[in-house]
Amino acid sequence: MKTTSRAAAPRRLPPEERERSILDGAVALASESGLEALTVRAVAARVGVTPALVAHYRPVMESFVAEVFTAIVAAERDEVIAAYDPAVDLRANLLRLIETLLDDSRDDVAMVWVQSWALGARNEALGERVRAEMDLWHSALEDLITRAIAEDSALPVDPASRIDAASSAWMLLAMVDGMSAHSLVHWAPRDRADLARRTLAAVLDVPVAPATVTPSQLAETHR
């Protein structure tokens, strides 16, 4: 007698665990293939559930894409900002932060950012999250630069030449975002770390020595 095989039904999980598994699966999928890969069917296949179950927990895909974007970029921001070392001067901390963001091991997050700017033009839920996350990055950098100005005697204190922390933060973000996007199509300076040092020196109007800790070493320290 012939038997008909059936696909195994997804294991029944409490709602909180199922919801978490769907979000985690979507984050993993977007990290590998970008935000554009997020569809109900693709997420369902990744998690091993039916599309109907994904739609039950996340009925509005535009909002779900925004949620996944936030989970990815907020995790990176928390990681990078948490690496601030109070034992190191603030200029060195800024340089370390920029070099870490420009490390090519972070191209997956760069892809998520680049796609979010394009998709956010039509997905208002995503656009709102993108603006909020960019504001948080700008605030974090502005705070570090403000502290550098206040604590470092080598930085200009004359009101006529004093550094504008808000504008400096914008300049650094623009440099990081631009170089990260360019690197996705392999169009970037050979030594991105050197350009980061030169840009930071120009923004702070003081020489900036090479960092003594590389991004890979920093990752090992905080692993």
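This is a predicted model: local features need pLDDT of at least 70, side-chain atom pairs count only at pLDDT 80 or more; totals for chains, interfaces and linings use all residues.
User: Why is the pair of Phe 69 and Trp 113 called edge-to-face?

Analyst: The ring centres of Phe 69 and Trp 113 are 5.2 Å apart and the planes stand at 90 degrees, so the pair is edge-to-face. Phe 69 belongs to helix 4 and Trp 113 to helix 6 (residues 107-119), so the pair ties together parts that are 44 residues apart in sequence. Helices here are DSSP runs of H or I with at least four residues, strands are runs of E with at least two, and both are numbered from the N terminus.

User: What makes the pair of Trp 113 and Trp 117 tilted?

Analyst: The ring centres of Trp 113 and Trp 117 are 5.9 Å apart and the planes are at 40 degrees, so this pair is tilted. Both residues lie in helix 6, four residues apart, about one turn of the helix. Phe 69, Trp 113 and Trp 117 form one aromatic cluster.

User: How do you know how helix 1 and helix 4 are oriented?

Analyst: The axes of helix 1 (residues 15-33) and helix 4 (residues 61-82) come within 9 Å and cross at roughly 75 degrees. Axes are lines fitted to C-alpha atoms, for helices over the stretch in contact, and angles run from 0 to 180 degrees between N-to-C directions. Angles under 35 degrees count as roughly parallel, over 145 as roughly antiparallel, 65 to 115 as roughly perpendicular and the rest as oblique. Helix 1 and helix 4 are therefore roughly perpendicular to each other.

User: Which residues of helix 1 and helix 4 meet, and of what class are they?

Analyst: On helix 1 the residues are Ile 22, Leu 23, Ala 26, Val 27, Ala 30 and Ser 31, and on helix 4 they are Phe 64, Glu 67, Val 68, Ala 71 and Ile 72. By class, this contact of helix 1 with helix 4 has nine nonpolar, one polar and one charged residues. A contact requires heavy atoms within 4.5 Å. Ala, Val, Leu, Ile, Met, Phe, Trp, Tyr, Cys and Pro count as nonpolar, Asp, Glu, Lys and Arg as charged, and the others, Gly among them, as polar.

User: Why is helix 5 called roughly antiparallel to helix 7?

Analyst: Helix 5 and helix 7 pack at an angle of about 155 degrees, with their axes 9 Å apart. That angle makes helix 5 roughly antiparallel to helix 7. Helix 5 contributes Leu 90, Leu 94, Leu 97 and Leu 101 to the contact, and the residues from helix 7 include Trp 137, Leu 141 and Leu 144. By class, the contact of helix 5 with helix 7 has nine nonpolar, no polar and two charged residues.

User: What makes Leu 90 count as buried, and which residues does Leu 90 touch?

Analyst: Leu 90 is found in helix 5 (residues 90-102). At 8% relative accessibility, Leu 90 counts as buried. Leaving out residues up to four places away in sequence, Leu 90 touches Tyr 84, Leu 144, Arg 147, Ala 148 and Glu 151.

User: What makes a set of residues a nonpolar core, and which members touch the most others in the largest one?

Analyst: A nonpolar core is a set of buried Ala, Val, Leu, Ile, Met, Phe, Trp, Tyr and Cys residues joined through side-chain atoms within 4.5 Å. Of the 51 residues in the largest nonpolar core, Leu 38, Val 43, Val 68 and Ile 98 touch the most other members. Helix 4 gives the largest share of this core, nine residues.

User: How do you know whether Gly 120 is buried or exposed?

Analyst: The relative accessible area of Gly 120 is 13%, so Gly 120 is buried. Gly 120 lies in the loop between helix 6 and helix 7 (124-151).

Key:
Residues are numbered from 1 along each chain as its sequence is written. Side-chain values use heavy atoms; hydrogens and water are left out. Buried means under 20% relative accessible area, exposed over 50%, partly exposed in between (1.4 Å probe, protein chains only). Rings of Phe, Tyr and Trp (its six-membered ring) pair if their centres lie within 6.5 Å; planes under 30 degrees apart count as stacked, over 60 as edge-to-face and the rest as tilted.
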